[in-house]
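Q: I am new to reading protein models, and I would like to go through one slowly, feature by feature. Could you show me the structure before we start?

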Amino acid sequence: MIRWIRVAVALVLVLALSASAYWGYSLFLLATGLIVFGVAYGWPRLTDSPQPRATSIMLALFGTAGLFAAWQDSSAPYLDWLPVLAGLGLLWTFVQNLTRGLGASDAVANVSAQVSGLVIVLSASTWVAAITVPGDKEAIVIGLASLIVAQCMTALPWPAIYTSPLAILMSTAVAGILSVLVFSPSISLPAALVLGVVMGLLVAAVDRMLGLVAFAKFQAANLEASQNIEVKKNVEKARSFAVQLALGAAPIALGGVVVYALERVAL
């Protein structure tokens, strides 16, 4: 049942982005900010970062900076500042880990987790770039619909050998149906099918790579050493919610890259 928390998180984000795509640019920017803060809060708990608060602050700051940079960039490709922010974030990550001391445990794993989190929050800015690209915004809605359908499939209580292909199949079917019945003048069927396939693959890959972490035991030494059962239960519940929050928001953030690339190349 806890796997459906990520679906609820994804549904909220998808509805916010889909609605704001037609209601106004500023509202879309705020909706994209929800993705950034969802990943920023959940990612350090998902990866058991030894510095969860500092990592959350770093991810939130750079994610917000990426959104602002894409919002202010008025010329294609609308992501000129993204490499600069990625470089500064990488520098921040190394400095933050150096403050732990040279003998700190799991330093390589912690740096890798922080850098991957940085990539995800910066990917959210591609949604802002996608809505800035001139033309119809139907690809955004189709991409979001494909994402949420694929998320529902991966949340089913079946082995991944069944849910992963089902996620790809259903996301592709939904994208094709929407392109034919709802958005036929704006987006071609082949482009919609490609979008659906890639979105399904994306969600299935995130589920396979990160989904098992949701069921892993909490690794923090202070929790393992604790004798207070209630403290353990409360911390585990808080971590479980944060993990599902990250798993729900991460595919949405990465999906912006797919939609933006499709708009730039095919539409």
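Predicted model: local features only at pLDDT ≥ 70, side-chain atom pairs only at ≥ 80, totals over all residues.

Q: How many helices and strands does the chain have?
A: Helices (H or I, at least four residues) and strands (E, at least two) are DSSP runs, numbered from the N terminus. Here the chain has 11 helices and zero strands, and from the N terminus on the elements read α-α-α-α-α-α-α-α-α-α-α.

Q: Which residues does the UniProt annotation "transmembrane region" cover?
A: UniProt positions are given in the numbering used here, feature names are shortened, and annotations may be inferred rather than shown by experiment. According to the unreviewed UniProt entry, the annotation "transmembrane region" covers residues 28–44, 56–72, 78–95, 107–133, 139–158, 165–183, 189–210 and 241–262. In the model, residues 139–158 are 80% helix and 0% strand, with end C-alpha atoms 30 Å apart, and residues 241–262 are 100% helix and 0% strand, with end C-alpha atoms 33 Å apart.

Q: What share of the residues is buried?
A: Buried means under 20% relative accessible area, exposed means over 50%, and partly exposed lies in between (1.4 Å probe, protein chains only). By this reading, buried residues make up 51% of the 267 residues in the chain. Helix 8 (residues 160–181) holds Ser-179, which counts as buried because its relative accessible area is 2%. In space, Ser-179 and Ile-142 are 7.7 Å apart, C-alpha to C-alpha, although 37 residues separate them in sequence. Ser-164 also has its place in helix 8 and, at 11% relative accessibility, counts as buried; its C-alpha atom is 8.4 Å from that of Ala-150, 14 residues away in sequence.

Q: How many salt bridges are there, and which residues form them?
A: A salt bridge is a side-chain nitrogen of Lys or Arg within 4 Å of a carboxyl oxygen of Asp or Glu. The count by this rule is one: Asp-207 pairs with Arg-6, and the closest N and O atoms are 3.0 Å apart. Asp-207 lies in helix 9 (residues 189–210) and Arg-6 in helix 1 (residues 3–23), so the pair ties together parts that are 201 residues apart in sequence. Asp-207 counts as buried, at 8% relative accessibility, and Arg-6 is likewise buried, at 2%.

Q: How should I read an aromatic pair, and how many does the structure hold?
A: A pair of aromatic rings is described by the distance of the centres and the angle of the planes. Rings of Phe, Tyr and Trp (its six-membered ring) pair if their centres lie within 6.5 Å; planes under 30 degrees apart count as stacked, over 60 as edge-to-face and the rest as tilted. The structure holds two such pairs. One of them joins Phe-62 and Trp-92 edge-to-face, with 5.5 Å from centre to centre and 80 degrees between the planes. This pair links distant parts of the chain, 30 residues apart, with Phe-62 in helix 3 (residues 52–72) and Trp-92 in helix 4 (residues 82–98). Phe-62 is buried at 9% relative accessibility, whereas Trp-92 is partly exposed at 33%.

Q: Where is the largest cavity, in terms of the residues that line it?
A: Rolling a probe the size of a water molecule over the atoms shows where empty space is left. On a 1 Å grid over the protein atoms alone, a cavity is a set of points where a 1.4 Å probe fits but cannot get out, and lining residues have an atom within 4 Å of a point. Grid points are joined across faces, edges and corners, and a volume is the space filled by probe spheres set on the points. There is one cavity of 30 Å³ or more, with a volume of about 40 Å³. Its lining consists of Arg-6, Gln-151, Thr-154, Val-203, Val-206, Asp-207, Leu-247 and Pro-251, and helix 9 gives the most, with three residues.

Methods: Residues numbered from 1 in each chain as written. Heavy atoms only, no water. 1 Å grid on protein atoms, 1.4 Å probe; cavity = no way out; pocket = protein on both sides within 12 Å on 5 of 7 lines; lining within 4 Å.
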